[in-house]
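Here is a short briefing on a predicted model.

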Amino acid sequence: MDQEQKNVKAYVYLLGFLVIFIAFAITSTYSYLQYSQIRTELITATQNNDRQLNAAMEMRVAVRERAILLWHMTLQTDYFEKDEALQQFYNHGSNYHKARMVILTSQLSSEEKSLMEVLDKETTKRAPVLRAFADRLLLAEDNSEHTQSLNQTLTDQIIVADLLDSMIALQQSQNEYARYHSAEEIADLVSTLIMCSSSDLI
């Protein structure tokens with residue numbers, strides 16, 4: 001009789017151990033899958049934001065360099081130097097377009113879409129004036145008469161640059177939020193895992 005009771009107790013302990021082990025394995029597997037999902041979402045979000053951020057910075061550089069080239073063209077009198085500056089001017093315009101396409105083909109938030117729409121509207125309105133002014137500078141013999149037009153053109157570029165600064169700031173804040181949100185989710189996951197493990201052992 002005693003041996004039979006010992007066997008029953010052994011089976012009960014073994015069964016209890018198996019239940020705890022299975023529960024712990026399920027909890028650990030679930031936690032690992034959740035962690036993997038959080039990590040994947042964080043990597044995807046930051047890669048997307050970093051791609052947009054780099055593109056926005058390239059657009060910002062293009063706007064700045066074009067403004068500098070226009071200013072230099074008003075100081076130059078040699079036609080060939082002006083022509084070289086104009087070629088660089090259009091090269092930066094091409095860089096702007098390529099970077100813009102990177103942003104448009106990435107995953108955009110509603111706020112980013114809205115900001116890009118405003119940016120495109122402003123650049124579409126100002127681009128013909130900007131190009132026409134650059135072409136006039138190439139052929140101008142006296143650059144002094146273009147001083148007022150240059151001031152207005154540079155003011156237009158400042159407006160575009162400010163919008164790009166807003167885009168850069170938005171993407172930086174989204175990266176910070178993605179990392180902070182993921183850290184919070186991982187902390188919650190660890191707390192849940194600890195609580196479940198503790199309850200399994202009780």
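Glu65 and Arg64 form a salt bridge through their side chains, with N to O at 2.9 Å. Glu65 is partly exposed, because its relative accessibility is 21%. Arg64 is also partly exposed, at 42% relative accessibility. This pair belongs to a structure that holds six salt bridges. The model is predicted.

**Salt bridges around Arg126**

- Arg126 and Glu122 meet side chain to side chain in a salt bridge, 2.0 Å from N to O.
- The two residues sit four apart in helix α3, so about one helical turn separates Arg126 from Glu122.
- Both Arg126 and Glu122 are buried.
- Arg126 also forms a salt bridge with Asp156, with 3.1 Å between the closest N and O atoms.
- Asp156 is in helix α4 and Arg126 in helix α3, so this pair ties together parts that lie 30 residues apart in sequence.
- Asp156 counts as buried because its relative accessibility is 11%, under the 20% cut-off.
- Arg126 has a relative accessibility of 12% and therefore counts as buried.
- Shared partners join Glu122, Lys125, Arg126 and Asp156 into one network of salt bridges.

**Buried positions and contacts across the sequence**

- Leu130 is placed in helix α3.
- Is Leu130 buried or exposed? Leu130 is buried, because its relative accessible area is 4%.
- Leu130 and Gln152 are 22 residues apart along the chain, and their C-alpha atoms are 9.8 Å apart.
- Ala56 belongs to helix α1.
- Ala56 has a relative accessible area of 0%, so this residue is buried.
- From Ala56 to Ile103 the sequence separation is 47 residues, while the C-alpha to C-alpha distance is 7.6 Å.

**Largest pocket**

- The volume of the largest pocket is about 330 Å³.
- Its lining has 17 residues. Arg66, Tyr96, Thr123, Ala127 and Arg131 are the ones nearest the centre of the largest pocket.
- Which helices supply the lining of the largest pocket with at least two residues each? They are α1, α2 (79–104), α3 (110–139) and α4 (147–201).
- Helix α3 contributes the most to the lining of the largest pocket, with seven residues.
- By class, the lining of the largest pocket has six nonpolar, six polar and five charged residues.

**Second largest pocket**

- The second largest pocket has a volume of about 190 Å³.
- Residues lining the second largest pocket include Ile38, Glu41, Leu42, Ala45 and Asn49. Also among them are Gln174, Tyr177, Ala178, His181, Ser182 and Glu185.
- Helices α1 and α4 each supply at least two residues of the lining of the second largest pocket.
- Helix α4 gives the most to the lining of the second largest pocket, with six residues.
- The lining of the second largest pocket divides into five nonpolar, four polar and two charged residues.

**Nonpolar surface patch**

- Which residues form a nonpolar patch on the surface? They are Tyr11, Leu14, Leu18, Ile22 and Ile26.
- Together, these patch residues have about 530 Å² of accessible area.
- Leu14, one of the patch residues, lies in helix α1, which covers residues 2–75.
- Leu14 is partly exposed because its relative accessible area is 47%. That value lies over the 30% cut-off for patch residues.

**Overall fold**

- The chain has four helices and zero strands.
- Along the sequence, the pattern reads α-α-α-α.
- The chain has 202 residues, of which 33% count as buried.

Note on methods: Residues are numbered from 1 along each chain as its sequence is written. This is a predicted model: local features need pLDDT of at least 70, side-chain atom pairs count only at pLDDT 80 or more; totals for chains, interfaces and linings use all residues. Side-chain values use heavy atoms; hydrogens and water are left out. Patches are made of residues with over 30% relative accessible area and no salt bridge: like charges are joined within 9 Å, nonpolar side chains (Val, Leu, Ile, Met, Phe, Trp, Tyr) within 5 Å. Accessible areas come from the Shrake-Rupley method with a 1.4 Å probe; for residues, only the protein chains shown count as cover. A salt bridge is a side-chain nitrogen of Lys or Arg within 4 Å of a carboxyl oxygen of Asp or Glu. Buried means under 20% relative accessible area, exposed over 50%, partly exposed in between (1.4 Å probe, protein chains only). On a 1 Å grid over the protein atoms alone, a cavity is a set of points where a 1.4 Å probe fits but cannot get out, and a pocket is an open set with protein on both sides within 12 Å along at least five of seven lines; lining residues have an atom within 4 Å of a point. Grid points are joined across faces, edges and corners, and a volume is the space filled by probe spheres set on the points. Ala, Val, Leu, Ile, Met, Phe, Trp, Tyr, Cys and Pro count as nonpolar, Asp, Glu, Lys and Arg as charged, and the others, Gly among them, as polar.
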